[in-house]
Amino acid sequence: MNRIEVLRYIATLRNGNPMIISPGLANYTIAEAKDEPLTIYNMDMPYATPMALGMALGWPGRRVISVEGDGSLLAGPGVLTTVARYQPRNLVIIVFDNGAYLTTGSGKAPTATAFGANIEQMARAAGMKNTQTVHDIESAKGAVRTVFTEPGPWLVVAKVDRQDRPAERSRHSLPMHVYEAGITFHRVALRERMAK
């Protein structure tokens with residue numbers, strides 16, 4: 001399964017909801033498909049899901065999306081126990097698992113999932129109930145539709161191949177740096193809060 005197809009589908013359903021993206025190629029596809037002001041690009045490993053968790057708890061009226069890579073989530077898997085403890089119904093975690101640290105260097109360094117680590121089972125062992133692993137685009141689209149409509153917290157692991165690396169590394173730039181994204185995010189969130 002190609003990660004780009006899944007990300008473009010996510011972008012069509014997102015509807016302005018806050019999104020935090022871990023470092024990696026997913027940033028470029030989201031920026032190209034639909035850049036929205038409540039987006040924090042290239043959040044350092046492993047902070048995308050911890051930040052999304054805090055945001056979901058503090059902002060229960062919005063669905064909050066964390067987009068992770070397998071390497072990024074595995075850098076801080078303890079957050080899954082905290083997600084299970086607090087059960088934020090508005091949190092969505094989508095993990096793109098290609099078994100490699102694909103963005104950096106040669107892209108050939110394997111992650112633990114290449115040796116059998118199972119992120120969905122880790123989440124279930126942590127206490128999360130709404131989890132799913134998908135292997136093809138139709139299953140992925142079905143899972144994405146579910147997580148955007150049903151109460152969570154959700155964790156979806158999308159098993160993807162590595163075919164998008166050459167194309168994604170050469171054709172896009174992000175609309176802003178991570179600190180600029182944080183400022184934009186803050187201003188839009190504050191404006192939304194003041195309007196209520």
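Q: Which residue in E4 is the bridge partner of Val67?
A: This is a predicted model, in which local features need pLDDT of at least 70, side-chain atom pairs count only at pLDDT 80 or more, and totals for chains, interfaces and linings use all residues. Residues are numbered from 1 along each chain as its sequence is written, and side-chain values use heavy atoms, without hydrogens and water. E3 and E4 run parallel and are joined by 6 bridges; strands here are DSSP runs of E with at least two residues, helices are runs of H or I with at least four, and both are numbered from the N terminus. In E4, Val67 has as its bridge partner Ile94.

Q: What is the strand order of the open sheet?
A: Strands of a sheet pair through backbone hydrogen bonds, either parallel or antiparallel. Two strands count as paired if DSSP finds at least two bridges between them. The open sheet has 6 strands with parallel pairing, in the order E2-E1-E3-E4-E6-E5.

Q: Which strands stand at the edges, each with a single partner strand?
A: The sheet is open, with the order E2-E1-E3-E4-E6-E5. An edge strand has a single partner, so one side of it is left without a neighbour in the sheet. Those strands are E2 (39-40) and E5 (130-134).

Q: What angle does the direction of helix H3 make with that of E3?
A: E1 (residues 19-21) and E2 run parallel, joined by 2 bridges. H3 (residues 48-58) packs on the sheet and touches E1, E2, E3 (64-69) and E4 (91-97); contact means heavy atoms within 4.5 Å. Axes are lines fitted to C-alpha atoms, for helices over the stretch in contact, and angles run from 0 to 180 degrees between N-to-C directions. For H3 and E3, the angle is about 170°.

Q: How many residues of E3 are buried?
A: Buried means under 20% relative accessible area, exposed over 50%, and partly exposed in between (1.4 Å probe, protein chains only). In a regular strand the side chains alternate between the two faces of the sheet. Val64, Ser66 and Glu68 point one way from E3, and Ile65, Val67 and Gly69 the other way. E3 is mostly covered, and its buried residues are 6 of 6.

Q: How far apart are the axes of H1 and H7?
A: H1 (residues 3-13) and H7 (residues 137-147) pack at an angle of about 25°. That makes H1 roughly parallel to H7; angles under 35 degrees count as roughly parallel, over 145 as roughly antiparallel, 65 to 115 as roughly perpendicular and the rest as oblique. Their axes are apart by 10 Å.

Q: Which residues of H5 meet H3?
A: The axes of H3 and H5 (residues 79-86) come within 10 Å and cross at roughly 15°. That makes H3 roughly parallel to H5. From H3 come Thr49, Pro50, Leu53 and Leu57. From H5 come Val79, Thr82, Val83 and Tyr86.

Q: What is the relative accessible area of Asn15?
A: Asn15 is found in the loop between H1 and E1. Its phi is positive, about 60°, although Asn15 is not a glycine. Asn15 is exposed, with a relative accessible area of 65%.
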